[in-house]
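Grab a pencil and open the structure viewer. Try each task yourself before you read its solution.

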Amino acid sequence: MSNKGTLFIVSAPSGAGKTSLVEALVDRCPQVRVSISHTTRTMRPGEQDGVSYHFVTEAAFLEMLSRGAFLEHAQVFENYYGTSQDWVDEQLANGLDVILEIDWQGAEQIKHQRPQSVAVFILPPSREALLQRLTSRGQDDDAVIERRMSKAADELSHYLQSDYIIVNDNFDQALDELQSVVESQRLRTQIQIERWQSLLQELLA
């Protein structure tokens, strides 16, 4: 029987690189799954429904919210985002680790409901680097970038809610650090007791 997986929360201001880090981590660690959030925002070029997000109307989102379908939800820049509770619980029960890429509001909700979850906060190396990354993406106009930058300070102030902090200056180093956080959780005593129960019984006989 599989051990129950760990729920990870990865938060960061827009442009800090959390999505790229999580995607690279999943390529390295096949037992890690990323929750695909539901959102009411418009699909961006290159995104796919059911891959990047589950794109839904505001009416559909609010209906799901009313019946308790979301583990967490938040409103960001006039758009709603939410995490499917059933999907997350199914993956964890199958022994898979699940990563939620969510903002500080969602992270706060998850930590309150599930204090055993592991929260990681990704920091940019500087405000200048954050601005450069937002600009180079070519996804937002100047007004949206300005709003994201003005909101970044407030988002960054919530780093104390996390269990781990990673500065994404050198991508490969940041990826190694994120992988170390995930792998360290699999070595916790309770998980290892379940995994190596027969060995422990033999050694202690």
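Predicted model: local features only at pLDDT ≥ 70, side-chain atom pairs only at ≥ 80, totals over all residues.

Residues are numbered from 1 along each chain as its sequence is written, and side-chain values use heavy atoms, with hydrogens and water left out.

**Exercise 1. The largest nonpolar core**

Task: Find which residues touch the most other members of the largest nonpolar core, and which elements give two or more residues to this core.

Solution: 
- Step 1: A nonpolar core is a set of buried Ala, Val, Leu, Ile, Met, Phe, Trp, Tyr and Cys residues joined through side-chain atoms within 4.5 Å. Buried means under 20% relative accessible area, exposed means over 50%, and partly exposed is in between (1.4 Å probe, protein chains only).
- Step 2: The core has 20 residues, and Leu25, Ile99, Val120 and Ile122 touch the most other members.
- Step 3: go through the elements. Helices (H or I, at least four residues) and strands (E, at least two) are DSSP runs, numbered from the N terminus. Strand E1 (7-11), helix H1 (18-28), strand E8 (118-123) and helix H7 (171-185) each give two or more residues to this core. H7 gives the most, with 5 residues.
- Step 4: zoom in on isoleucine 99. Contact means heavy atoms within 4.5 Å. Not counting residues up to four places away in sequence, isoleucine 99 touches Phe8, Val10, Val22, Leu25, Val32, Arg33, Val34 and Ser35.

**Exercise 2. The two sides of H3**

Task: Work out which residues of helix H3 (residues 85-93) are buried, and which exposed residues sit on the face turned away from them.

Solution: 
- Step 1: pick out the buried residues, which are Val88, Gln91 and Leu92.
- Step 2: check how they are arranged. They cover an arc of only 100° around the axis, so they lie on the same side of H3. (The arc is that of the directions from the helix axis to the C-beta atoms.)
- Step 3: The face away from the buried side carries the exposed residues Asp86 and Ala93.
- Step 4: see what covers the buried residues. The cover includes E1, strand E2 (32-34), strand E5 (70-76), strand E6 (79-84) and strand E7 (97-101).
- Step 5: look just past the helix, where glycine 95 takes a positive phi of about 85°.

**Exercise 3. A buried charge**

Task: Glutamate 72 is buried yet has no salt bridge, so to speak on its own; find the nearest side chain of opposite charge, and the side chain with which glutamate 72 makes a polar contact.Solution:
- Step 1: locate glutamate 72, which is found in strand E5.
- Step 2: search for an opposite charge. Lys and Arg count as positive and Asp and Glu as negative; His and the chain ends are not counted. The nearest side chain of opposite charge is lysine 18, 11 Å away. A salt bridge is a side-chain nitrogen of Lys or Arg within 4 Å of a carboxyl oxygen of Asp or Glu.
- Step 3: search for a polar contact, which is a pair of N or O atoms within 3.5 Å (within protein, one must be able to donate a hydrogen and the other to accept it, and residues adjacent in sequence count only if both atoms are side-chain atoms). The side chain of glutamate 72 makes one with the side chain of threonine 83, at 2.5 Å.
- Step 4: check the partner. Threonine 83 is found in strand E6 and is buried, with a relative accessible area of 1%.

**Exercise 4. Salt bridges**

Task: Find the salt-bridge partners of arginine 41, arginine 186 and aspartate 163.

Solution: 
- Step 1: arginine 41 meets glutamate 47 (2.7 Å, N to O), and both are buried.
- Step 2: arginine 186 meets aspartate 97 (2.8 Å, N to O). Arginine 186 lies in the loop between H7 and helix H8 (189-195) and aspartate 97 in strand E7, so the pair ties together parts that are 89 residues apart in sequence.
- Step 3: aspartate 163 meets lysine 111 (2.8 Å, N to O). Aspartate 163 is in the loop between helix H6 (142-156) and strand E9 (164-167), and lysine 111 is in helix H4 (residues 104-113), 52 residues apart.
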